[in-house]
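Open the model in your viewer and keep the selection panel handy.

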Amino acid sequence: MITKDTPLKDILNQDCDRCGHCCKYGTGFLVKEDLKRIADHLKIKEKELKERWLEEKELFHTKLWRPKTEKRPFGRCVFLKHDLCSIHTVKPLQCRVGNCKSEELALWFMLNYQVNINDPESVRQYASYLKTGGKVLKGGELENLVPKDKLKKMLNYELI
Ligand code: SF4
Ligand code: SF4
């Protein structure tokens with residue numbers, strides 16, 4: 001069973017099969033370390049990688065980069081060539097996680113890289129997501145993420 005605290009190495013055991021299906025409709029998010037790996041692979045600077053190939057998107061008050069799509073906001077990933085990922089060996093972490101395989105994998109990425117428990121606004125947005133019926137992964141319950149008193153202050157906007 002996957003929980004919020006499942007280590008990355010165990011998550012990557014369920015790696016993506018490179019079928020290219022999801023890459024026709026959207027792209028996966030990069031984490032910080034991916035920027036250098038992909039830029040080095042393409043033999044360009046991180047600045048050029050961001051300008052030419054990536055776009056920034058905010059979720060739960062956290063900004064992450066992801067490959068652009070040919071059409072906005074959804075469509076084929078700019079790195080998809082002949083229906084295969086052209087940067088497969090260095091592709092973004094969210095692509096490597098193979099999150100098509102179970103909802104738990106998508107929730108694991110969200111909890112570990114998008115919900116920021118030190119940012120009151122991120123916590124408030126996650127609380128709204130849960131309140132409106134969003135799925136919760138074991139270990140991702142609000143009371144497990146933030147101490148009770150601090151959580152109360154965050155939700156009451158006493159912490160901004
Ligand atoms: S994440 Fe899933 S759908 Fe997407 S390329 Fe990998 S195996 Fe295919
Ligand atoms: S980077 Fe590769 S795996 Fe990720 S969405 Fe683009 S083509 Fe697919």
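The stops below start with the whole chain.

This is a predicted model: local features need pLDDT of at least 70, side-chain atom pairs count only at pLDDT 80 or more, and totals for chains, interfaces and linings use all residues. Residues are numbered from 1 along each chain as its sequence is written, while chains are lettered from A and ligands numbered from 1 in the order in which they are written.

**Whole chain.** Select everything. The chain has 8 helices and 4 strands (DSSP runs numbered from the N terminus: H or I of at least four residues for helices, E of at least two for strands). Along the sequence the pattern is α-α-α-β-β-β-β-α-α-α-α-α. The C-alpha trace spans about 50 × 35 × 25 Å along its principal axes. Of the 160 residues, 26% count as buried, meaning that 20 or more other C-beta atoms, placed from the backbone, lie within 10 Å of a residue's own.

**Helix 6.** Select residues 120–131. Now pick out Pro-120, Val-123 and Tyr-126, which are buried. They lie on the same side of helix 6, because they cover an arc of only 120° around the axis, taken from the directions from the axis to the C-beta atoms. Next, step past the helix to Gly-133, whose phi is positive, near 95°.

**Ligand 2.** Which residues are around ligand 2? Among them are Cys-23, Cys-77, Cys-85 and Cys-95, where the cut-off is a C-beta atom, placed from the backbone, within 6 Å. The shell divides into 9 nonpolar, 2 polar and 1 charged (Ala, Val, Leu, Ile, Met, Phe, Trp, Tyr, Cys and Pro are nonpolar; Asp, Glu, Lys and Arg charged; the others, Gly among them, polar).

Technical notes. Buried ≥ 20, exposed ≤ 12 C-beta atoms within 10 Å, placed from the backbone.
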